Amino acid sequence: MEEPLVPLVPMSHTAHIRSHRKPRRNAPSLAMRAGVAGGVLSTLAVAGAAGSASAAEPVTQTMELPTLTADLATQVAESADATQQAAANYQLQAERDAAAAKAAKQAKADLADAKTKAEAKKKAAEAARKAAAADAVSRSSARTVLSASASTSTNVAAPASGSVATVVAFLKAQVGDAYVMGGTGPNAWDCSGLVQAAFKQVGVDLPRVSQDQSVSGTPVSLSNVQVGDILYWGAAGSAYHVGVYIGNGQYLDAANPSKGVVIQDLSGYPATGAVRVL
């Protein structure tokens with residue numbers, strides 16, 4: 001049995017070579033790509049138009065500029081505040097430094113003044129100490145003189161009449177009156193005011209103060225003191241107290257605010273000296 005004949009189809013001479021063509025894509029994919037391409041072209045066209053407009057007319061402001069300007073203004077304001085605060089701090093520190101310098105200067109001046117006053121007080125205290133020592137020596141010698149003269153003057157009494165009697169009588173009439181610094185009577189006296197008023201009763205015009213009364217009349221020693229003689233305490237010419245001797249070792253004076261006008265024993269507070277005006 002004969003085999004059937006297979007018809008031979010002539011083949012191209014390039015049929016054995018693989019085709020380099022890409023397989024054809026379907027229509028939807030091509031349409032999507034065409035839409036994307038169209039969008040891109042539209043965007044490029046808009047950009048090109050904007051670029052042309054920009055070339056024709058320069059742009060003076062962008063959308064970002066207001067934001068940048070606000071931030072810059074804030075930074076400038078903050079910087080100005082910081083600068084102002086720093087200046088205020090510097091001024092405050094300068095004022096504090098000036099106040100501290102002034103306080104230090106004042107403290108130095110106060111210290112110098114305190115030292116000066118302390119030195120003055122020290123000198124015054126030393127002078128007072130020396131004066132007290134000299135007064136103590138004077139009183140000691142006065143006690144010795146009075147003890148020697150007491151025997152001769154103890155029995156001496158104020159005369160019954162005469163100027164001395166008038167002075168003594170006036171003085172005794174004031175016993176019990178008050179002592180007042182600067183007092184000249186009739187119910188309050190200081191030491192020299194009482195002595196001046198007493199001698200004025202007999203026409204003797206004495207100076208007002210004890211310093212001057214201690215050098216009025218004739219100086220007499222305490223051993224020869226008589227009734228009516230003026231006694232003084234302190235140096236002649238600078239006496240700080242006066243009284244009048246009334247006999248029997250006693251004297252009468254306006255002593256001090258606590259005692260007033262009293263009669264006292266001369267031995268308890270010896271005088272420094274005496275003067276006689278009658």
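The following dialogue reads selected features of a predicted model.

Reader: What is the mean pLDDT of the protein, and how many of its residues reach 70 or more?

Author: pLDDT is the predictor's confidence in each residue. For this predicted model the mean is 76, and 62% of the residues reach 70 or more. Over residues 40-56 the pLDDT is below 50, and beyond near neighbours in sequence this stretch has 1 contact in the model. Residues 142-161 also have pLDDT below 50, with 25 contacts in the model beyond near neighbours in sequence.

Reader: Which pattern does the secondary structure follow along the sequence?

Author: The protein has 5 helices and 8 strands. Read along the sequence, they follow the pattern α-α-α-β-β-α-α-β-β-β-β-β-β. Of the 278 residues, 23% count as buried. The protein exposes about 19300 Å², and carbon and sulfur atoms supply 60% of that area. Among contacts between residues at least 6 apart in sequence, 56% join residues at least 24 apart.

Reader: In what order do the strands of the open sheet stand, and what is the sense of their pairing?

Author: The open sheet consists of 6 strands in the order β3-β8-β4-β5-β6-β7, with antiparallel pairing. Strands β3 and β7 (261-265) stand at the edges with a single partner strand each, so one side of each is left without a neighbour in the sheet. Neighbouring strands of this sheet are turned by 35° against each other on average, direction ignored.

Reader: How many bridges join β4 and β8?

Author: Strand β4 (residues 230-233) pairs with strand β8 (residues 273-276) over 3 bridges, in the antiparallel sense. Within this pairing, Y232 stands opposite G273 in β8.

Reader: Which strands does α4 lie across, and at about what angle does it run to β5?

Author: Helix α4 lies across β4, β5, β6 and β7, and runs at about 50° to β5. The helix is mostly covered, as 9 of its 10 residues are buried. Those buried residues are C191, S192, G193, L194, V195, Q196, A197, A198 and F199.

Reader: Which residues of α3 are buried, and what covers them?

Author: In helix α3 (residues 163-173), the buried residues are V164, A165, V167, V168, F170 and L171. Their cover includes β2 (188-189), α4 (191-200), β5 (241-247) and β6 (250-254).

Reader: Is S214 buried or exposed?

Author: Buried means under 20% relative accessible area. S214 has 2% relative accessibility, so S214 counts as buried. This residue is found in the loop between α5 (210-213) and β3 (218-220). A polar atom of the S214 side chain lies 2.8 Å from the backbone nitrogen of G237. Leaving aside neighbours within four places in sequence, S214 is in contact with Y232, A235, A236, G237, S238, A239 and V275. One of these, Y232, is the residue that stands opposite G273 in β8.

Reader: Which side chains make polar contacts with the side chain of Q264?

Author: The side chain of Q264 makes a polar contact of 3.1 Å with that of D253, and one of 3.0 Å with that of K259. Q264 is found in strand β7. With a relative accessible area of 16%, Q264 is buried. Not counting residues up to four places away in sequence, Q264 touches G249, Q250, Y251, D253, A255 and K259.

Reader: Which peptide bond is cis, and which residue has a positive phi although it is not a glycine?

Author: Most residues other than glycine have a negative phi, and most peptide bonds are trans. Here the peptide bond from G185 to P186 is cis, with omega near 5°. P186 is found in the loop between β1 (178-179) and β2. N248, which is not a glycine, has a positive phi of about 55°. This residue lies in the loop between β5 and β6. With a relative accessible area of 46%, N248 is partly exposed.

Notes. Residues are numbered from 1 along each chain as its sequence is written. This is a predicted model: local features need pLDDT of at least 70, side-chain atom pairs count only at pLDDT 80 or more; totals for chains, interfaces and linings use all residues. Side-chain values use heavy atoms; hydrogens and water are left out. Buried means under 20% relative accessible area, exposed over 50%, partly exposed in between (1.4 Å probe, protein chains only). Helices (H or I, at least four residues) and strands (E, at least two) are DSSP runs, numbered from the N terminus. Contact means heavy atoms within 4.5 Å. Accessible areas come from the Shrake-Rupley method with a 1.4 Å probe; for residues, only the protein chains shown count as cover. A polar contact is a pair of N or O atoms within 3.5 Å; within protein, one must be able to donate a hydrogen and the other to accept it, and residues adjacent in sequence count only if both atoms are side-chain atoms. Two strands pair if DSSP finds at least two bridges between them. Axes are lines fitted to C-alpha atoms, for helices over the stretch in contact, and angles run from 0 to 180 degrees between N-to-C directions. pLDDT is the predictor's confidence in each residue, from 0 to 100.
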